[in-house]
Amino acid sequence: MGTDGQSTAGRGSRGPYATGQARRQAIVDEALVVFSRAGFHGGSLREIAKRVGVTPAGLLHHFADKEELFAEVLHQRDEKVRAAAGDPAEHTLIEQAKRVVAHNQTSRGLTSLYAIVSAEATDPEHPSHADFAARYRARADEAVEILRRGQEAGEVRDDIDPALAARLISAVMDGIQLQWLLDESIDMVPLFDEFVSRYLYPAGAPQS
């Protein structure tokens, strides 16, 4: 009896937790839909709650406020992009960027979210303003070092400025994503490949 009771208690303790986690993820999934369409300011907790089938108060049982929910949506987006790109390694910056472009073309919601929020975040009062400024700086700093190592290895043109190229890579990726969001007949992959082959790879370098 004691064993059965312990087993039942265990199942009971896991059941509500699993249900709570599933509900929390459902909220994040619907928040992605809403934020990717309307942005942070335009997306309402009431609409997200309605899509999930809970009350706004029920939603706030899982997330303290809109900012916390939004942060979780961005976190999960970053994790998916990181998984698509793979772990950073020497001289793989260009290949990582190409994998991210290809991945983004398969996930319109996540790509739309990033495009809308990065534009909104130019407002100093936006809750993600500091985060987006920091992430662009960090991405550029990391790219500079990898590009320099690539130049030393003969994998990247030696006549480009790594600091400028690091910023241009992000600018090109963001720009072609915006064009694709406006017109899905545009294929981002060959556009980014054209930029890479003409601007980053040395003349005569093998193309992958």
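**View 1. α8 supplies the largest share of the lining of the largest pocket, six residues.** This is a predicted model, in which local features need pLDDT of at least 70 and side-chain atom pairs count only at pLDDT 80 or more, while totals for chains, interfaces and linings use all residues. Residues are numbered from 1 along each chain as its sequence is written, and side-chain values use heavy atoms, with hydrogens and water left out. On a 1 Å grid over the protein atoms alone, a pocket is an open set of points with protein on both sides within 12 Å along at least five of seven lines, and lining residues have an atom within 4 Å of a point. The largest pocket holds about 710 Å³ of space (a volume is the space filled by probe spheres set on the grid points, which are joined across faces, edges and corners). Among its 24 lining residues, V81, A85, V100, R139 and E142 are the closest to the centre. Two or more lining residues come from each of α4 (66-85), α5 (93-104), α7 (129-152) and α8 (162-182); helices here are DSSP runs (H or I, at least four residues), numbered from the N terminus.

**View 2. What lines the largest pocket by residue type?** Twelve of the lining residues are nonpolar, five polar and seven charged. Ala, Val, Leu, Ile, Met, Phe, Trp, Tyr, Cys and Pro count as nonpolar, Asp, Glu, Lys and Arg as charged, and the others, Gly among them, as polar.

**View 3. Here α5 meets α8.** The axes of these two helices come within 11 Å and cross at roughly 15° (axes are lines fitted to C-alpha atoms over the stretch in contact, and angles run from 0 to 180 degrees between N-to-C directions). That makes α5 roughly parallel to α8, a term for angles under 35 degrees. From α5, L93, A97, V100, V101 and N104 meet I169, M173, I176, Q177 and W180 of α8, where contact means heavy atoms within 4.5 Å. The residues of this contact comprise eight nonpolar, two polar and no charged.

**View 4. The largest cavity has V28, D29, L32, V73, Q76, R77, K80 and L110 in its lining.** A cavity is a set of grid points where a 1.4 Å probe fits but cannot get out. Searching the whole structure finds one cavity of 30 Å³ or more, and about 50 Å³ of space lies in the largest cavity. α4 gives the most to the lining of this cavity, with four residues. By type, the cavity lining has four nonpolar, one polar and three charged residues.

Key: Angles under 35 degrees count as roughly parallel, over 145 as roughly antiparallel, 65 to 115 as roughly perpendicular and the rest as oblique.
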